[in-house]
Amino acid sequence: MKRINLALQGGGAHGAFTWGVLDRLLQDEDIEIAAISATSAGALNAAALKSGWVRDGRTGARENLDWLWGQVAGVTHDWLSDWVSSLTPSAGVLAKAMKYSPGYAMMDMTTRMMSPYVYGPMFRNPLEDIVAQFEYDAVCASGGPALHICATNVRSGKIRVFTGDEISSNAIMASACLPTLFQAVEFTDPRTGKSEAYWDGRYSGNPALYPLFAKDLPDDILVVNINPLRREELPTDVQAIQNRINEISFNSSLLRELRAIAFVKRLIAGGTMPEGTMKNVIVHMIADDVLMNELNVATKTIPQAIVIARLKEAGQAAADAFLKAHKSDLNVKSTVDLETMFN
C-alpha cells in the first residue's frame with residue numbers, strides 16, 4: 001500500500017482538472033490518501049472526497065465528486081452531452097471565445113470598477129448553495145483522510161488552516177472568496193471565539209503544505225498544480241496581465257514552502273542536520289501546463305460544461321501518466337527535481 005498526502009490548489013472552474021486527478025487516484029486500490037491540504041476549488045474537491053469516502057469508501061468519494069462538478073456545471077452527464085462534447089471546439093478555442101464574449105467583458109469591467117460592497121447581493125457566490133449541501137458530519141469525521149482547509153485572514157494577512165470540526169460551510173466559502181467578486185466571509189472563528197473576516201486561501205497558502213508535515217503522516221506530498229508555473233506567451237492585454245499576476249501570486253506561497261523543503265533536504269543529505277530532526281519530505285506533482293496555458297481567466301470564472309468535461313479528462317490522463325511513470329517511486333523518492341526548479 002502506498003500512503004500519500006495530497007495538496008490541492010485552487011483555481012476556480014479549473015479545479016475540474018483536480019476532479020479528474022482524484023477520480024483516477026481513487027480507482028487505484030494500492031494508494032491510500034492519508035491527509036489533504038486544500039484551498040478554494042481544491043477545498044471543495046477535498047470536502048466532497050472526504051464526505052463521500054466516509055459514506056462509502058472509494059466509490060462514495062468518486063460519486064460525490066461527480067455530484068459536485070455536475071452541480072458546478074449545472075448539467076448531468078449522459079450520452080447526449082458526451083456526443084455534443086465530441087463535436088465542440090478544443091478547450092483553447094472555447095477559452096478565447098469566452099474571454100472576448102460581451103457578457104464576460106461586462107462582468108470583468110464591473111469587477112474592476114466597483115467594490116462588491118457596492119453591488120451587494122447581485123454577485124452572491126453561486127457556490128454557497130452547493131457548499132451548504134455537504135454532509136459536515138462526514139466532512140469533519142475522524143475517519144478517512146485528515147482534512148485541512150486554507151483561508152486568508154483579511155485583517156492580519158495570515159493563513160488560517162481549518163481542520164477537524166472547525167470545518168464548516170463558512171470555512172469552505174472563505175477559502176473560495178475572491179475579494180474582487182465577493183464580500184469577505186465573516187463568522188466567529190471556533191478557535192478564537194472572535195468574529196473574523198476571510199478571503200480566498202490562495203493569497204497565503206495555495207495550499208499550505210506544513211499541516212502535512214505531521215509525524216503520523218507519510219513523507220509523500222502529491223501536489224495537484226492547476227496554476228501554471230510558466231507561461232511562454234507574454235501577456236499584453238489587461239485580462240492576460242491580471243491573470244498572470246494572479247497565477248504568480250497564487251503560486252508564490254507554494255513555491256516558498258517547496259524551497260524550504262529543498263533547503264531541509266540539502267541539510268539532511270549533507271549531514272548538517274541529523275536524520276529524523278525534521279521531516280525529509282518526498283515531493284510529487286501532477287500538472288498539465290500545456291492545457292492551462294491554452295485557458296484563461298474567463299474559463300476559471302465561468303463554469304462552462306464542455307470545458308469542465310475536458311478538464312476532467314485531462315486530469316484523469318495526467319494522473320494515469322504519473323502512475324505509470326512513478327507509482328513505484330511513491331514512498332521511495334521525490335519525482336520533482338526541486339534543485340532544478342529553483343535554479
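Reader: Where does Ser-40 lie?
Author: Ser-40 sits in the loop between strand E2 (31-39) and helix H2 (41-73). Helices (H or I, at least four residues) and strands (E, at least two) are DSSP runs, numbered from the N terminus. This is a predicted model: local features need pLDDT of at least 70, side-chain atom pairs count only at pLDDT 80 or more, and totals for chains, interfaces and linings use all residues. Residues are numbered from 1 along each chain as its sequence is written, and side-chain values use heavy atoms, leaving out hydrogens and water.

Reader: Ok. Is Ser-40 buried or exposed?
Author: Ser-40 counts as buried, because its relative accessibility is 4%. Buried means under 20% relative accessible area, exposed over 50%, partly exposed in between (1.4 Å probe, protein chains only).

Reader: What about phi of Ser-40?
Author: It is near 55°, a positive value in a residue other than glycine. Asn-331 also has a positive phi, near 65°.

Reader: Where is Asn-331, then?
Author: In the loop between H13 and helix H14 (338-341). At 35% relative accessibility, Asn-331 counts as partly exposed.

Reader: You said H13. At what angle do H1 and H13 pack?
Author: About 45°, with the axes 6 Å apart. H1 covers residues 16-26 and H13 covers residues 305-326. Axes are lines fitted to C-alpha atoms, for helices over the stretch in contact, and angles run from 0 to 180 degrees between N-to-C directions.

Reader: Which residues of H1 make that contact?
Author: Ala-16, Phe-17, Trp-19, Gly-20, Val-21, Asp-23, Arg-24 and Leu-25. Their partners on H13 include Ile-308, Leu-311 and Leu-323. Contact means heavy atoms within 4.5 Å.

Reader: How many residues of H1 are buried?
Author: 10 of its 11 residues, so H1 is mostly covered. Among them are Phe-17, Thr-18 and Leu-22.

Reader: New topic. Where is Glu-166 found?
Author: In the loop between strand E4 (159-163) and helix H9 (169-175). Glu-166 counts as buried, at 14% relative accessibility.

Reader: What does the side chain of Glu-166 make a polar contact with?
Author: The side chain of Arg-191, at 3.2 Å. A polar contact is a pair of N or O atoms within 3.5 Å; within protein, one must be able to donate a hydrogen and the other to accept it, and residues adjacent in sequence count only if both atoms are side-chain atoms.

Reader: Last one. Is the peptide bond from Asn-206 to Pro-207 cis or trans?
Author: Cis, with omega near -10°. Pro-207 lies in the loop between strand E6 (195-200) and strand E7 (220-224).
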